[in-house]
Amino acid sequence: YWREQKVAWWEFFRLAELDDEARLEEPRAIAGLEYVTSIPDKRIPIDRFRFPEQEVLVGEGDEAHATAKLEVGTVRSVDHVARTIDVKKKGATVDVRPTSLFTHKLIGPRPKDAALLRLGTEIAEHGWPARSDVSLARDLLFKSSPRSISQPGTPLRRPGEAIDACAIRLALALDGTVLPIQGPPGSGKTELAAKIICALAQAGRRVGVTATSHAVIANLIKRAVAGADARRPLRALIRHDIDDEDELPGIEYVAKAEKAEERIDEVDVLGATAWQWARPAMADSVDVLIIDEAGQMSLADALAVSACARNLVLVGDPQQLEQPIQGTHPDGVAISVLEHMLDGAQTIPADRGLFLEETHRLHPSICWFTTEQFYEKRLRPAAGVERQALTTREVTVPGLYWLPVLHEGNQNRSSEEASAVATLVASCLARGARWTNSRGEAEPLRPADILIVAPYNAHVAAIREALAAAGRSDVRVGTVDKFQGQQAPIAIYSMATSLPEDAPRGLSFLYNRNRLNVATSRARCASVLVCSPALLRPDCRTPQHLRLASTLARFVELCSRVGDA
């Protein structure tokens, strides 16, 4: 935690010292601001500023600073197409109109760091608990097979057993252990986690839910509430301070940590971030804690919350979006808890966890690339997905496609690729375009049936501008991070960069295997890669660079060119 905090503060003071011209090149800053208007909002207005073209990694909720000692307010929204930013001002800065801003969003680790210190002190003074004693921290650190529900070398899943039935059986049998569940794209891991919550609550167990974001926690609990037996509704509580209009039906909310502690005995399931579960008062408060998106939660956070429950269920996929890391850490520290449990493998071994081996999203022609490159060929298409089909001008059959676009001098934004994407979208949505779902039902292809992914916000804005000019503003466009968990019949991934050496965050970002997996696996029928052909010829100087580049090259090797199929 200290290393992560240190890097964040170094970055804060570095950005604070830059002038407007230098901030123009910084993704965490916005320069060239021009005041547009003030929007009334209770007592203190929201100021809207216009900014010139630049790469922007600023988001809602970020603190907006003009200098190290002047916090102007909080970012309310950023429009990358109109290039405007709305800032909710502070009382002392109502009349401040800066020409540049930088952002800072840092939440201190307390009480997570204190929880780790308690754990370390206990081990230092008394040693590791005996193998027969319950210790989730020990089982996590030593990557132990689930105790009480497994035999070494014996698969957890019985022959012929349905995966949902197996997961629920194992969850109900947990007795002081850790159960990892890995769910690749389209495997239904969130629905399965919701079923596990309902089964545990029905059996009288108290369940906790945590994740790296409030949105993930709320989504899982919403699914569980919706799937509960109507005769025995789920009593659900979320610890989060939100506006009344944002509350979900059937779920109660509390803003204070102390209130969540007081009410834990009144509910079946409590959802909260690691900051809540690491509090001393939460120790032994639930029978099972489910960590959703465990492929993005750090091992340190999982250890910090482990004292709150008798059992842990880890649900996620380390082959999709990774845990965000800023600092430099010793080997084995800067990884997610689920990646730690996989111990270097791409998939969880059958005797150490559950692997959801069927995708209900990917057509077999897409699934082959995904399973070969990311899942040791263990992922397979579920029955029925082969019925998915397309009838469009350019993308004529399900599968992988490549649309090469020649351009030069582009780093994080390509007008050439944006134009090509807009043209492709118009062709796909032309009159007569249809798609067939996994039930064999054909329907017209709509703008909502196309999803466009880009690695950079600047390129997202370029694509949106091109689509708006073509009268197609209703097509979804966003970065990889925005679209995890979403799907569409057609997914387009546009990479923007002209040459490998032009990549503003290096090869490790542009060619990142996890991000490529997420981007290409949003597709149900057709996954389209739009990029400069030069990206297939990088100057690989390390084995890691070679591995990254080979994944992109393999995609192109397996695909058809747009219009050729």
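In this predicted model, Val288 stands opposite Asn311 in strand β14. That pair belongs to the contact between strand β13 (residues 286–292) and β14, which run in the parallel sense and are joined over 6 bridges. The briefing begins with the sheet around these strands and then turns to salt bridges, surface charge and backbone features.

**The open sheet**

- An open sheet is formed by 8 strands with parallel pairing, and their order is β11-β10-β12-β9-β13-β14-β8-β15.
- The edges of this sheet are taken by β11 (251–254) and β15 (354–355); each has a single partner strand, so one side of each is left without a neighbour in the sheet.

**Salt bridges**

- The structure contains 38 salt bridges, and the following points describe some of them.
- Arg50 and Glu34 meet through their side chains in a salt bridge, with an N to O distance of 3.6 Å.
- Arg50 belongs to strand β3 (residues 46–50) and Glu34 to strand β2 (residues 34–39), so the pair ties together parts that are 16 residues apart in sequence.
- Arg50 is partly exposed, because its relative accessibility is 39%.
- Glu34 likewise counts as partly exposed, because its relative accessibility is 46%.
- A salt bridge also joins Arg138 to Asp139, where the closest N and O atoms are 3.2 Å apart.
- Arg138 and Asp139 are both buried.
- Another salt bridge connects the side chains of Asp268 and Arg235, at 3.0 Å from N to O.
- Asp268 lies in the loop between α8 (257–263) and β12 (269–271), while Arg235 lies in the loop between α7 (214–227) and β10 (236–239); the pair therefore ties together parts that are 33 residues apart in sequence.
- Asp268 is buried, because its relative accessible area is 3%, a value under the 20% limit for burial.
- Arg235, by contrast, is partly exposed, with a relative accessible area of 42%.
- Salt bridges also link Glu53, Arg83, Arg413 and Glu465 in a network.

**Negative charge on the surface**

- A patch of negative charge on the surface is made up of Asp19, Asp20, Glu21 and Glu25.
- One of these residues, Asp20, is found in helix α2 (residues 20–23).
- Asp20 is partly exposed, because its relative accessible area is 33%.

**Backbone features in loops**

- The peptide bond that leads from Arg110 to Pro111 is cis, with omega near 10 degrees.
- Pro111 is located in the loop between β7 (100–104) and α3 (112–126).
- Lys42 is not a glycine, yet its phi is positive, at about 55 degrees.
- Lys42 is part of the loop between β2 and β3, the two strands that hold Glu34 and Arg50 respectively.
- Lys42 is exposed, because its relative accessible area is 86%, which lies over the 50% limit for exposure.
- Lys377 is another residue other than glycine with a positive phi, in this case near 65 degrees.
- Lys377 is situated in the loop between α12 (364–374) and β17 (380–381).
- Lys377 counts as exposed, because its relative accessibility is 54%.

Definitions and conventions: Residues numbered from 1 in each chain as written. Predicted model: local features only at pLDDT ≥ 70, side-chain atom pairs only at ≥ 80, totals over all residues. Heavy atoms only, no water. Patch = residues over 30% accessible without salt bridge, like charges linked within 9 Å, V, L, I, M, F, W, Y side chains within 5 Å. Areas by Shrake-Rupley, 256 points an atom, 1.4 Å probe, with all protein chains shown as cover. Salt bridge = Lys/Arg side-chain N within 4 Å of Asp/Glu carboxyl O. Lys, Arg positive; Asp, Glu negative; His and termini not counted. Charge placed at Lys NZ, Arg CZ, Asp CG, Glu CD. Helix = DSSP H or I, 4+ residues; strand = E, 2+ residues; numbered from the N terminus. Buried < 20%, exposed > 50% of the residue type's maximum accessible area, 1.4 Å probe, protein only. Pairing = 2+ DSSP bridges.
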